[in-house]
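The stops below are meant to be selected in order.

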Amino acid sequence: FTVAIILSCIAPSVHDGKTLQCRGQRVWLDGIDVPEMSGPRCKGGRRARTDCHQGRAVASRDYLQFLTRGEVRCAVLSRDAYGRALVRCMSEGVDLSEEMLRAGMAQPYGEAR
């Protein structure tokens, strides 16, 4: 059987609409994709891509920050090709990935933009 690693923290640091820092570990919400914050991925020709829209990126980050003001519990589901921990997180009974999708702050991972 598989044992999920559970992380629990209060008001984690939020980098963008899917990335949290919980107990010193950076984790990514599983199953969603969000607009990129400004940075190397949004330079030059990539800036025109819809996933590099700064206003939507900030709104997505701010909404996730709002959702994670209390205790957040995350189960590590897997690791991606880069070794990043992909997690499913709950805060106050709300599944963060599902709420980000419901609110229009994220798209299902891999969906065409």
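This is a predicted model: local features need pLDDT of at least 70, side-chain atom pairs count only at pLDDT 80 or more; totals for chains, interfaces and linings use all residues.

Numbering starts from 1 along each chain as its sequence is written, and side-chain values use heavy atoms, with hydrogens and water left out.

Start with the whole protein chain, colored by secondary structure. It has two helices and nine strands (DSSP runs, H or I of at least four residues for helices and E of at least two for strands, numbered from the N terminus). Their order along the sequence is β-β-β-β-β-α-β-β-β-α-β. Of its 113 residues, 42% count as buried (under 20% relative accessible area, 1.4 Å probe, protein chains only).

Next, select residues 85–91, strand E7. Five of its seven residues are buried, so the strand is largely enclosed by the rest of the structure.

Val27 has Ala85 of E7 as its bridge partner.

Now show E6, residues 71–79, which runs antiparallel to E7 and is joined to it by seven bridges. Val72 is bridged to Ser91 in E7. Five residues lie between E6 and E7 in this hairpin, and Gly83 in the turn has a positive phi of about 85 degrees.

Finish at E8, residues 94–95, antiparallel to E7 with two bridges. Here Ser91 has Val94 as its bridge partner. The E7–E8 hairpin has two residues between its strands, and Glu92 in the turn shows a positive phi of about 50 degrees.

Note on methods
Buried means under 20% relative accessible area, exposed over 50%, partly exposed in between (1.4 Å probe, protein chains only). Two strands pair if DSSP finds at least two bridges between them.
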